[in-house]
Amino acid sequence: MIKELANFKVNGRLYEVIIEPHMLLIDVLRDKLGLTGVKYACGTGDCGACTVLVDGKPILSCLTLAVTAKNKNILTIEGLAQGNTLHPIQQAFIDHGAVQCGFCTPGMILTAKALLDENPTPTREDVKAALDGNLCRCTGYVKIVDAVLAAAERIRKGGKG
Amino acid sequence: MYRVLRPFEFFEPTSLDEAIRLLNIYGDRAKVMAGGVDLVLKMRLRQLMPQYVVSLQKLPGLDYIDAGKGAGLRFGALVTLRSIELSPMVQKEWILLYEAIHQISSVQVKTMGTAVGNLCVATPASDIAPALLALAARVKITGADSDRVIPVEHLFVAAGKTILEPHEIITEIVVPSLPTGTGSAFMKLAKTAADIAKVNAAVTVTVADERCKEARMALGSVAPTPIRVTEAEEILQGNKLSGKTIARAAEAAAESVTPITDVRSTAIYRKEMVKVLVKDALEKAVARAKA
Amino acid sequence: MAQELTSVGKRLPRPDAAPKVTGAAEYGSDIKLPGMLAGRILRSPYPHAKITKIDASQAKKLPGVEAIITFEDVPKSPFTRSAMAEALPPHVYEGEVLDQYILSDKARYVGDWVAAVAAIDVSTAEQALDLIEVQYEQLPPVFDPVEAMKPGAPVIHEGKERNIAANISHAFNCGDVEKAFQESDYIAEFTGQNSKQKHCHLEPDVALAYWDTDGRLTVWSPCQNPHLAKKAFARRIFGIGEGDIRWITPTVGGGFGARLSLCVEPVCAMLAKVTGKPVKVEVTREEDFAGWNSRTEQRQSIKMGANKDGTITAIRDRIISDAGAYFSHSGTTTAVNMQMTLGLFRCPNISGEATIVYTNTPTTSGFRGYGNPEGAFVLQQVVDMLAEKIGKDPVEFRLKNIKTVGESSFFIPVPLEHCRLEQCIRLGAERIGWKEKWGGWGKKKEGRKRRGIGMSIMNHSSGAGGFLLEHSNAAIKLHEDGSATLIVSPCEMGQGILGVLSQIAADTMGLRYEDIHVMTGDTDVTLFDIGSHASRSTYVIGNAVMDAGSKIKRQVLELAAEKLKISADKLDIEEGRVYVQAAPQEGVSVAEISHDAIYNYELTGAHISATGSFQSGTHCPNFQAGFAEVEVDTETGVIKVIKYVIAHDIGRAINPQNVEGQLEGGAVQGLGYALSEDFIVDKRTGETLSDSFATYKIPSILDIPEIEVILVEEPVPSGPFGAKGVGEPGITNVAPSIANALYDAIGVRIHSLPMTPEKVLEGLKAKSLKSSSFRTTR
């Protein structure tokens with residue numbers, strides 16, 4: 001069992017963590033860095049609740065060995081708001097009733113951010129295709145799609161995205 | 001059921017030689033990791049318990065997509081499904097591969113997972129494998145002894161098993177260019193839009209002078225491995241692609257398989273759906289070939 | 001009081017949303033307590049086995065293991081997982097079967113709890129589980145309820161002959177159904193089987209527990225009814241007083257009825273007791289699937305009679321409910337099934353009987369709808385079958401037989417005070433295009449893909465007043481700045497109830513929505529409430545909030561009257577300001593009143609505060625009509641839902657966005673229930689094969705059809721600002737309306753859920769065999 005002192009860059013901040021190869025990124029984020037916004041819901045890669053952005057791309061932290069995420073830029077839900085100013089996607093989720101129990105929400109919002117960073121003018125179908133790896137049991141998805149489209153428009157009009 | 005993984009030793013070799021050397025030393029006690037999506041899950045569930053994991057992620061020169069007009073498509077072992085999906089060349093020239101990948105629901109899984117990794121997992125229900133089979137793709141294997149290039153269809157031995165020796169890695173997938181007049185189609189049935197196939201089918205047909213010059217057909221989820229259906233291909237080859245011929249080919253494809261009943265579907269349904277999906281796929285491929 | 005509503009009726013953002021979008025919301029698994037241990041549970045690999053020996057000696061030696069418990073270490077008094085049962089009247093509770101122990105000496109399903117470990121971390125705990133040696137004496141298992149009732153079948157619970165846990169008669173049987181059938185012009189019968197639909201709340205079960213040195217227990221868990229769970233712990237399990245337990249509910253990641261059960265809390269509390277330290281028990285999703293919560297599979301045959309004028313004459317319902325390995329909610333869900341199903345239509349002859357049977361499969365419980373979706377799948381198809389025989393339009397047939405105000409509600413002793421079902425039916429039919437799209441009975445459709453249209457109607461509760469102890473209490477106190485803290489105990493599991501209750505509180509008191517702070521989730525602070533279920537929270541808790549709020553308002557007005565020297569009945573409050581009705585520019589802020597009440601140096605001060613209480617004696621039914629348009633591929637059997645329309649009798653939508661969210665969310669759960677969610681247990685080994693989101697398919701975002709929600713708002717006098725409940729109803733009409741649409745499209749009915757393509761094709765084959773054999777014998 002080889003322990004190593006590893007560097008993680010999360011939400012723009014540098015962390016030094018002692019890790020072992022078998023540790024999952026989600027557990028390092030939640031247990032070692034106290035970033036409990038990322039959620040463990042299935043552990044099989046089917047629900048997307050554990051999604052975080054690594055170098056801007058959405059990945060499943062429950063199936064990622066922490067050791068492979070060293071020195072990469074990781075964004076968790078805690079890093080999205082700028083101080084007290086919510087990201088337009090976060091605000092849109094609140095405004096459009098896209099949040100119910102909230103357990104899928106951090107993963108859903110980050111996946112949506114990855115979509116809008118890549119495609120700022122998605123259609124309804126684009127949004128659905130981008131979020132198909134994120135399950136929600138509460139909302140029926142209708143208002144989630146509304147919120148992402150509203151956020152896209154808000155960002156286009158100059159909201160900070 | 002387990003929440004955490006068992007400890008193992010982790011290597012991140014920076015050269016292919018080093019990677020193969022390690023795999024040669026540790027043999028069955030080691031597992032290769034590219035994206036890790038399948039491996040990490042199986043480790044958590046204790047279906048795989050490697051003492052050593054050899055990551056390919058730091059190997060240089062394996063993350064490329066080369067697609068030249070007429071020169072075929074080559075991509076390396078570290079190319080993610082997402083990269084292939086987003087490649088304009090793939091979308092244009094190898095639409096079958098694009099469609100097979102595009103319908104995989106999770107952007108996250110496509111971002112993490114590699115095409116090579118998908119093949120190595122050798123699940124009978126792979127969506128990529130039938131597409132690559134129908135595209136006559138080949139894989140380049142590098143091992144301790146030598147390199148070899150084999151057709152994708154020779155890769156699979158049994159459910160979850162490839163012909164790879166412990167010290168061998170697939171380093172590249174090569175997909176030939178499709179001749180003019182070729183159309184293709186990918187079909188799949190599943191319980192929901194984000195699901196593993198009950199049955200999937202991939203076909204390519206090359207049409208010249210109203211006749212089928214060449215056809216390749218592959219099925220997934222109806223056998224322990226993805227399979228090519230040569231009986232159906234032979235019915236098509238050289239003939240006019242009429243509704244009747246297509247129906248006969250579809251019938252032959254269904255006759256050739258003995259699928260199982262499992263948590264996703266029944267043997268009877270799968271067998272019948274082979275006929276329907278092959279017919280639908282051929283009709284679409286032919287329409288595209290003529291366009 | 002001609003007060004303008006500034007909060008009620010508005011699409012206001014809920015107070016719990018912001019922490020959820022920033023990641024600040026704290027769920028059970030996010031909580032860390034100093035010195036906390038990790039608890040994991042050892043589960044049986046066999047479906048039916050006596051535990052003859054457990055040797056934990058090797059496991060105990062593992063460094064970091066602090067406690068291992070088995071059936072020998074737990075209290076010997078049995079209980080029921082259904083904490084909700086504590087709200088049943090005592091004579092009904094007698095009928096509940098108490099067959100659960102924290103850990104059992106007998107495994108009754110693959111996954112049953114055998115032992116538990118508390119260790120310094122999860123890794124150590126899991127290693128310890130592997131070291132516990134259990135000797136099982138395997139017994140023959142039985143997986144099917146009909147098989148389980150046969151003489152000679154393996155006995156799962158001592159003393160339960162033929163594995164019959166209970167026989168239940170519908171509470172409101174009446175008339176003489178056999179006689180009525182003989183006299184009826186038309187009869188139709190349908191047998192249907194629903195499935196053990198899994199809740200799949202995204203947050204897996206979790207609990208923390210800690211006994212402090214005074215012997216007081218604190219439990220943290222996503223519990224839907226903490227005050228009732230507290231009582232179960234106190235009186236049924238641990239033999240302590242209700243005052244000795246504090247139940248804290250963190251942010252809850254979905255409930256849908258699963259969290260009305262005692263989940264991992266008893267094991268967790270036991271480990272905490274033995275170790276003297278805080279313990280957190282978590283489970284994996286695989287363990288959740290092969291677990292203790294799902295819909296009960298209720299096979300029912302409904303026979304219905306009608307006369308040629310279209311009047312329903314008799315309904316007979318026979319149910320076999322597969323409880324799984326333990327009783328839990330299987331009795332109450334079956335009883336509610338009969339209540340809501342048999343009480344929907346006007347009918348003078350009703351007979352409902354049910355048998356609850358044990359099998360060696362995972363325990364079931366209550367899931368959104370609580371028996372209503374189970375019954376609707378069968379009843380709404382019989383209704384269509386009868387309509388077809390009579391030759392009547394399904395819309396018209398239903399309109400003819402639905403009850404009206406003044407008749408009994410589905411809970412017979414209580415009359416219907418309010419019902420807008422007729423309007424729901426008409427509006428929904430218009431929106432789906434019923435007139436244009438329903439071509440009549442027996443219309444042959446052509447082509448590979450065929451479209452069909454179908455409907456379903458239902459009634460549901462706004463709390464189970466008359467059946468359960470529908471008792472809610474609320475407390476409100478004003479702060480010096482005129483804002484208020486509202487103390488309530490629903491369970492906010494995503495439905496938005498905290499925001500809704502705040503809206504009700506705001507408009508009751510005349511304060512602004514943003515000036516209501518909500519305090520919930522701690523039984524040391526909140527007053528008694530039976531929690532959130534039976535779609536009760538808006539109606540019952542809302543009324544308790546109004547009671548408290550009116551008292552606050554009265555206190556404020558009386559103090560303002562003194563200050564303004566005008567009598568209280570000439571004053572009103574709006575947006576935090578007391579004003580003179582006749583001269584609105586005159587007034588005083590609530591802040592000033594509140595502050596001065598406290599900072600009163602005349603010895604006549606007080607803190608403006610009040611408690612409110614409400615007990616409901618009615619279900620105050622809400623109603624809904626659902627319409628589905630489908631397209632069926634006759635070659636693949638795939639059913640595609642093109643459009644689904646919901647018209648719901650909501651009374652008043654306190655927050656229309658929330659109401660839509662409940663209906664849309666429920667509808668998509670209903671879609672999964674109808675088409676893709678198949679809970680499969682291996683019939684040879686008893687292993688749960690549906691053990692992950694890969695093998696158990698809930699709808700993804702690409703699966704949703706176009707959903708339209710119509711809110712029919714006509715206030716019900718007894719509801720807070722006229723509101724009725726809406727938490728559960730979204731799910732009920734989906735499967736039956738799709739089933740009826742399927743029949744319209746291809747003339748096939750499927751007798752079990754989910755209605756998979758495989759079953760559709762089988763149905764088409766059987767149909768063509770029937771019609772072809774008819775041709776040859778002519």
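In this predicted model, helix α18 (residues 656-675) of chain C packs against helix α19 (residues 734-746) of chain C at an angle of about 55°, with the two axes 8 Å apart. Here the axes are lines fitted to C-alpha atoms, for helices over the stretch in contact, and angles run from 0 to 180 degrees between N-to-C directions. Helices (H or I, at least four residues) and strands (E, at least two) are DSSP runs, numbered from the N terminus. That angle makes α18(C) oblique to α19(C); angles under 35 degrees count as roughly parallel, over 145 as roughly antiparallel, 65 to 115 as roughly perpendicular and the rest as oblique.

The crossing of α18(C) and α19(C) is right-handed, a term for the near helix being turned clockwise from the far one by less than a right angle, with anticlockwise giving left-handed. On the α18(C) side you will find C:Ala667, C:Gly670, C:Leu671, C:Tyr673 and C:Ala674, which meet C:Val734, C:Ala735 and C:Ile738 in α19(C). Contact means that the C-beta atoms of two residues, placed from the backbone, lie within 7 Å. By class, the residues of this contact are seven nonpolar, one polar and no charged. Ala, Val, Leu, Ile, Met, Phe, Trp, Tyr, Cys and Pro count as nonpolar, Asp, Glu, Lys and Arg as charged, and the others, Gly among them, as polar.

Residues are numbered from 1 along each chain as its sequence is written, while chains are lettered from A and ligands numbered from 1 in the order in which they are written. Local features need pLDDT of at least 70 and side-chain atom pairs count only at pLDDT 80 or more, whereas totals for chains, interfaces and linings use all residues.

Now to chain A, which is assigned domain 1 (4-79) and domain 2 (88-156); the bounds come from an automatic or database domain assignment. The centres of the two domains of chain A, taken over C-alpha atoms, are 21 Å apart.

| Contact | Residues on each side |
|---|---|
| Chain B and chain A | 23 residues and 23 residues |

Where chain B touches chain A, α6(B) gives the most to the chain B side, with five residues. That side has 13 nonpolar, seven polar and three charged residues.
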